[in-house]
Amino acid sequence: MTGYITHFVDGKPWEHGATRQGEVYDPATGAVAALVDFASAAEVGTVVGVADRAARAWRDASLAKRTAVLFAFRQLIHERRDELAAAITAEHGKVLSDAAGEVQRGLEVVEFACGIPSAQRGSFSENVSTEVDSYSIRQPLGVVAVITPFNFPAMVPLWFAPIAIACGNAVVLKPSEKDPSASVLLASWFAEAGLPDGVFNVVHGDKEAVDALLTHPLVKAVSFVGSTPIARYVYETGTAHGKRVQALGGAKNHMVVLPDADLDLAADAAVNAGFGSAGERCMAISVVVAVDPVGDELVGKISERVAGIRTGDGRRGCDMGPLVTKVHRDKVASYVDAGERAGAKLVVDGRTVRPDADGSGFFLGPTLFDQVTPQMSIYTDEIFGPVLSVVRVGSYDEALALVNGNPYGNGTAIFTNDGGAARRFQHEVEVGMIGVNVPIPVPMAYYSFGGWKASLFGDTHAHGAEGVHFFTRGKVVTSRWLDPRHGGINLGFPTQH
């Protein structure tokens with residue numbers, strides 16, 4: 001029987017129905033699992049109005065009250081992490097262990113937000129002039145919109161919403177319509193944790209809902225994660241309507257393997273980072289840059305490991321699950337066809353996989369190409385699937401030039417036992433997040449997440465100190481409290497003395 005998913009507004013499920021709906025699939029079976037309501041622009045406006053009213057009261061809530069709610073929310077996620085992971089796997093398709101890891105990384109941001117009394121603290125200077133003090137404070141913006149992708153339906157909302165709420169804002173979250181249930185669970189748990197009605201709202205939909213959020217005058221800021229073309233659109237549309245925007249875009253992450261690297265470690269890392277979550281990660285390694293003479297041996301080791309990957313239903317203990325939709329699966333498979341036509345060497349063909357699953361799920365097995373060149377579409381495009389390309393170069397300098405010449409700058413990694421080479425790489429590479437013998441260098445919550453170049457529009461990264469800065473705006477106050485010793489009128493220009 002098909003389920004039903006609706007918006008979560010003002011502390012409860014939406015009660016007004018919808019004129020349009022979308023289908024939510026179980027990617028492992030190919031069956032329609034639920035229908036989800038799509039909000040109209042007018043309905044989005046109603047939700048923003050609810051959030052605006054809630055924000056006016058929430059901004060005056062004490063830091064003690066805010067942190068109490070966040071600690072309670074954190075405890076609910078901790079106790080119910082298996083429920084949240086199961087919802088992710090059912091709609092996204094990633095295996096349960098990967099979904100559990102996503103929940104854990106999101107939980108770390110909630111824990112960071114619990115420390116908002118320190119993170120939002122201002123500064124104070126006494127006697128900047130005679131008996132004049134100056135201090136800075138940071139205050140909430142009001143209503144903020146969070147627009148998130150399908151690949152991390154719990155973690156990415158948790159990158160933004162807990163910090164925005166901790167800073168005193170109200171949030172309208174528009175999750176991906178492909179896997180919306182995780183966001184509704186989070187909203188219900190926020191309400192259970194004692195968050196006042198209207199401070200966290202979930203509205204489902206497509207481009208109509210997104211555009212309504214980007215143009216609504218009461219929405220003061222927008223956080224977005226998705227592909228680079230849409231990130232650019234969100235940034236340009238949001239800023240044109242006077243909003244603060246952080247729009248995290250796509251990636252083409254390179255892993256450079258130097259000749260002195262531990263090739264077993266590098267091969268393990270390439271497989272884990274290339275095929276985890278079926279490659280549907282903005283931090284996935286999609287290009288291995290093999291510095292000669294290690295290419296043959298490294299490709300052989302990767303190929304051996306790929307052969308042992310079990311693809312199937314994520315609820316059956318498999319290593320890799322399906323892709324999120326049939327349309328996306330077919331698009332990724334078309335890149336495999338294109339790579340063959342372009343002359344790349346197809347070492348492992350994922351199109352022939354026999355998944356451990358019932359029905360007609362959206363499966364494509366791990367795919368490995370060798371002898372890939374920078375002119376091929378499998379190199380230039382963000383495929384967002386389980387397709388790993390090996391590019392061979394002759395030196396460190398060639399590898400660096402390849403990474404820096406790419407239009408994306410999200411994440412990169414270098415595998416080496418040479419500390420000097422690693423230090424040089426982290427200094428010279430033009431990428432926002434760097435791993436040294438670490439293939440997916442996602443920062444901890446108290447640092448900030450974000451790339452360079454076409455991987456980020458805006459100048460503020462997610463979570464950490466930059467996240468607090470994004471969801472607040474600063475004031476500087478200069479004050480003087482008169483006492484009986486003050487002198488009379490002086491019309492001269494004020495000076496410090």
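This is a predicted model: local features need pLDDT of at least 70, side-chain atom pairs count only at pLDDT 80 or more; totals for chains, interfaces and linings use all residues.
Reader: Why are helices H14 and H15 called roughly parallel to each other?

Author: The axes of H14, residues 396-404, and H15, residues 419-428, cross at roughly 25 degrees and come within 11 Å. Angles under 35 degrees count as roughly parallel, and H14 and H15 are therefore given that label.

Reader: Which residues make the contact between H14 and H15, and how do they divide by type?

Author: On the H14 side the contact is made by Tyr 396, Asp 397, Leu 400 and Asn 404, and on the H15 side by Ala 421, Arg 424, Phe 425 and Glu 428. The residues of this contact between H14 and H15 divide into four nonpolar, one polar and three charged.

Reader: What makes H3 and H7 roughly antiparallel?

Author: For H3, residues 81-92, and H7, residues 181-192, the axes cross at roughly 155 degrees, and they come within 8 Å. An angle over 145 degrees counts as roughly antiparallel, and therefore H3 and H7 are described in that way. Their contact is made by Glu 83, Leu 84, Ala 87, Ile 88 and Glu 91 of H3 together with Ser 181, Ala 182, Leu 185, Leu 186 and Trp 189 of H7. The residues of the contact of H3 with H7 divide into seven nonpolar, one polar and two charged.

Reader: Why is Asp 296 called exposed, and where does it lie?

Author: Asp 296 lies in helix H11, and its relative accessible area is 58%. Since exposed means over 50%, Asp 296 is therefore placed in the exposed class. Between Asp 296 and Met 376 there are 80 residues in sequence and 20 Å in space, C-alpha to C-alpha.

Reader: What makes Lys 475 partly exposed, and which residues does it touch?

Author: Lys 475, which lies in strand S23, residues 472-480, has a relative accessibility of 43%. Buried means under 20% and exposed means over 50%, with partly exposed in between, and so Lys 475 counts as partly exposed. Not counting residues up to four places away in sequence, Lys 475 touches Tyr 135, Ser 136, Ile 137 and Gln 139. Lys 475 and Ser 136 are 339 residues apart in sequence, yet 5.6 Å apart in space, C-alpha to C-alpha.

Reader: Why do S6 and S23 stand at the edges of their sheet?

Author: The sheet that holds S6 and S23 is open, with three strands in the order S6-S7-S23 and antiparallel pairing. S6, residues 123-129, and S23 each have a single partner strand, so one side of each is left without a neighbour in the sheet. Neighbouring strands of this sheet are turned by 25 degrees against each other on average, direction ignored.

Reader: How do you know that S6 and S7 pair?

Author: Two strands pair if there are at least two bridges between them, and S6 and S7, the latter being residues 132-140, are joined in the antiparallel sense over four bridges. In S7, Val 132 is the bridge partner of Ser 129.

Reader: What makes S11 mostly covered, and which strands are joined to it in the parallel sense?

Author: Six of the seven residues of S11 are buried, where buried means under 20% relative accessible area. Five bridges join S8 to S11, and these strands run parallel. Five bridges also join S11 to S12, residues 244-248, again running parallel. Phe 224 of S11 is the bridge partner of Ile 147, and Phe 224 also stands opposite Ala 247 in S12.

Reader: Which residues of helix H8 are buried, and what do they pack against?

Author: The buried residues of H8, which spans residues 207-215, are Ala 209, Val 210, Ala 212, Leu 213 and Leu 214. These buried residues pack against helix H1, strands S8, S9 and S11, and helix H9.

Note on methods: Residues are numbered from 1 along each chain as its sequence is written. Side-chain values use heavy atoms; hydrogens and water are left out. Axes are lines fitted to C-alpha atoms, for helices over the stretch in contact, and angles run from 0 to 180 degrees between N-to-C directions. Helices (H or I, at least four residues) and strands (E, at least two) are DSSP runs, numbered from the N terminus. Angles under 35 degrees count as roughly parallel, over 145 as roughly antiparallel, 65 to 115 as roughly perpendicular and the rest as oblique. Contact means heavy atoms within 4.5 Å. Ala, Val, Leu, Ile, Met, Phe, Trp, Tyr, Cys and Pro count as nonpolar, Asp, Glu, Lys and Arg as charged, and the others, Gly among them, as polar. Buried means under 20% relative accessible area, exposed over 50%, partly exposed in between (1.4 Å probe, protein chains only).
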